[in-house]
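Okay, thanks everyone for coming.

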Amino acid sequence: MNKAIILLKNLLLSTSQFNIFRYTTDKKKKGNVIGNTIGMTILFAMLMAYCIAQCIGYGKLGLSEATPVLCALLISALAFVFTFLKTNGYLFNFKEYDMLISLPFDIKTVAACKFLYMYIKSLPWYLSISVAMLIGYSIFAGFSIATTILWLLLSLCLPLIPMVLASFLGFIIAKIGSYFKKTNIVQTILTFILIIAAFMSRFVIESVFKNGQVRDVLEQSKAATEDAAAIYLPADWFAKAVNELSVTAAMLLIIVSILLFAVVFAIVGRYYRSLNSALRSHAASGEYTMGAQKKSSVVNAIAFKEFRRMTGSTVYLTNAGVGEILVSLLAVLSLVFGFDRLVSTVTQNAPIDPAILRPAIPFIIYFCLGMISTCACSPSLEGKNYWIVQSLPISKKTLYQGKMLFNMYLTVPFMAFATLCICISAKVSLPDMLLYLILGFVLCALSTTWGCICGIRHMRLDWENEVEVVKQGAGVGIYLFTNMITTMVLCVGSVFLGMRMDHRILAGIVIAVISLLTVLCYKLVMRLAK
Amino acid sequence: MLKINNYSKSYGGDKKAADNVTLHVESGDIYGFIGHNGAGKSTTIRAVVGVLDFTEGEILIDGHSVKTEPMECKKVTAYIPDNPDLYENLTGIQYLNFIADVFDISEKERKERIAKYAGTFEITDSLGDLISSYSHGMKQKLAIISALIHEPKLMVLDEPFVGLDPKATFALKEIMHEMCAKGTAIFFSTHVLDVAEKLCNKVAIIKKGRIIASGTMEELTEGHSLEEAFLEAEK
């Protein structure tokens, strides 16, 4: 058998939930597999329902021809973002690197197989979007065997180009980071720069669509296709292939995807060993001289340990820090350009009075801070090191308190900074500012306690790669989903009710409700600690 | 079988983790590599098995350069790291079959060898269980079996006795003798000087990345114990 196939097969088998279910004798583990499968099925169903609903909406507006472009853009954007955030840990710097490289595999084969593994594992997500959008498209455009076959076939190629590009970017960042002693910090900073650049470019792209062409987008699907094609060619090839049954466009998409993969992985393979050597080996300075030592409380000691854990991992640091970076950026931009101008830029000059958005300031800030998976600092990240805290004379209660304290240390200063900056730029009165600070604080506390519950309830210590507990997993999924819905409801609710009642009374009520929820969550954490 | 010539490795700073290391392991040798923690043993071993990139010096396995002909080298080498990271969600037998597939071992041979070594290390009954349920010692045994499955010409072991029970330690020593008699070269690091003294015919002592003593056991100990020779060399 071809060695690439052997390796790929083994990589898939070694993370297969079915394999775990089949061979484990641990009933709890079997239960976890069943729970995860049910959870994932629900998430797939929700994603598909959302995509179908979106297509039906477009279809009713007579824009079904724009569906393929939307499908291609959505899949490409998701594939790019998720791959970019996962490269470090999946593609490079992975746990079993030593074992794999010492085996008679060509170095390029290992790099390519790790990429293909990532591709195959994420394919069900992209296919579920694609199939759902195909269903939505077929309802209005009519069912055609040729379109269906082309759509499904090309859907396999759609994530390839963004994934290869994201991997290459991840590779460049890792390569630059490997030249520095503080590899993790450099990698994280570069990642943040890219995320911020992507965040800013979103507005540029949106302005391309919205400046005078918003009507075209809504009324003429062809114009929308052309606009999208101008930005991202593969989306155009996909749309042409399925809308016009263009074999040329289909072939272009397939050939470019495969060529790009081959070229990028020829380059990555060439530097793969030197990159991993640099990432995985660190010199010890051996120059420590004993100085004064500080004593701190157990809870603080756990919080500090968690801080070091975070700064020692690019995946963790990127994930935990992105919200703080975005909120700081928002705060500075707000101070520089003013709240009103920021609102008009974000809403593309929509006729919205910025004053009505003021009650939503704490929620906007919290939306950025809470979108990180707070349960990342839950026990799952201890992984195989969990024995350390288990064997120490620390109660679970203290352990969880320390972890929650760390999350508060991480989020509250940024929340306070952003609230002050935005309130100053929005000319919010001092009493309102204080109210927003309190509201921001209780929101951070709720996020912390709720994240801790999700983390404890779905604790997973046997992970192969920390990406599995930082970005994936049932705990992270449940936390992020519930947090997102709650924040959106609170945000919209505060704006809506703020126009109908005194906003201070409203803020007071929200603070009381969130405080109550926080106390309940905290009590549940303490109960789980028993 | 293994020739390390003037190998050096630094991690960016001035300090070298391995500094001009030269040593030769012949077929049939059991070569012990000893030194303090952080002396450069693992840095050297990881470069030998192709895991660690290096720029200075040359490492040859069976006449092939690790740098320019890595595949030729890996085909004849087996490596057991000090803390083997195995695929936790595979069963023991799935993992062994993966390694056997990589080395293209026939079904008959793999069955015979797995049965033989799993029996020796008394883990036959556990081969159907997930590796995540194994103890550290069992994982170490599985890693050893996976290294033996393709009958390598060179075995490179990093602290192979850590975590093994006395019976398994004895079995491994016997296997090492058996392999050595067949012409396999064995290069291993250890902190257990008693084991090294009884097992090895050649030894090298590494300190701060430099080989400070090497040769046959007799040359190195000169009638003293290896422990005494080691402490003397370390002074």
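This is a predicted model: local features need pLDDT of at least 70, side-chain atom pairs count only at pLDDT 80 or more; totals for chains, interfaces and linings use all residues.

The scores for it are ipTM 0.79 and pTM 0.75.

How far does the confidence go in chain B? The average pLDDT there is 89, and 99% of the residues score at least 70. If you go element by element, strand E8 of chain B, residues 185–189, has the highest confidence at 94, while helix H9 of chain B, residues 226–234, has the lowest, with a mean of 81.

Now the overall shape. A compact globule of 235 residues would have a radius of gyration near 18 Å, and chain B comes out at 18 Å, so the two agree. Along its principal axes, the C-alpha trace of chain B spans about 50 × 40 × 30 Å. Buried residues account for 49% of the 235 in chain B. And if you take contacts in chain B between residues at least 6 apart in sequence, 70% of them join residues at least 24 apart.

Okay, on to the strands. There's an open sheet of four strands in chain B, in the order E2-E1-E4-E5, with antiparallel pairing. Strand E2 (16–25) and strand E5 (64–65) of chain B sit at the edges with a single partner strand each, so one side of each has no neighbour in the sheet. Further in, strand E1 of chain B, residues 2–10, runs antiparallel to strand E4 of chain B, residues 56–61, and five bridges join them. If you want a pair to click on, B:Leu2 has B:Ile61 in E4(B) as its bridge partner.

Next, have a look at strand E9 of chain B, residues 202–207. Five of its six residues are buried, so E9(B) is largely enclosed by the rest of the structure. Which strands does E9(B) pair with? One of them is strand E3 of chain B, residues 30–35, in the parallel sense over five bridges. There you'll find B:Gly35 opposite B:Ile206 in E9(B). Another is strand E10 of chain B, residues 210–216, this time antiparallel over six bridges. In that pairing B:Ile205 stands opposite B:Ala213 in E10(B). E9(B) and E10(B) make a hairpin with two residues between them, and B:Lys208 in the turn has a positive phi of about 45°.

Let's move over to chain A and its helix H3, residues 27–60. At 1.5 Å a residue, those 34 residues should span 50 Å, and the end C-alpha atoms are 49 Å apart, which agrees. Which residues of H3(A) are buried? They include A:Asn32, A:Cys51, A:Cys55 and A:Tyr58. What the buried residues of H3(A) pack against is helix H4 (67–90) and helix H6 (107–141) of chain A.

Last stop, the interface. Here 33 residues of chain B are in contact with 31 residues of chain A. On the chain B side, the elements that give two or more residues are helix H2 (70–75) and helix H3 (92–102) of chain B. H3(B) gives the most, with four residues. By type, the chain B side that touches chain A divides into 15 nonpolar, nine polar and nine charged residues.

Definitions and conventions. Residues are numbered from 1 along each chain as its sequence is written. Chains are lettered from A and ligands numbered from 1 in the order in which they are written. The expected span of a helix is 1.5 Å times one less than its number of residues. A residue is buried if 20 or more other C-beta atoms lie within 10 Å of its own, exposed if 12 or fewer, and partly exposed in between; C-beta atoms are placed from the backbone. Two residues are in contact if their C-beta atoms, placed from the backbone, lie within 7 Å. Ala, Val, Leu, Ile, Met, Phe, Trp, Tyr, Cys and Pro count as nonpolar, Asp, Glu, Lys and Arg as charged, and the others, Gly among them, as polar. pLDDT is the predictor's confidence in each residue, from 0 to 100. The radius of gyration is taken over C-alpha atoms; the globule rule is 2.2 Å times the number of residues to the power 0.38. Two strands pair if DSSP finds at least two bridges between them.
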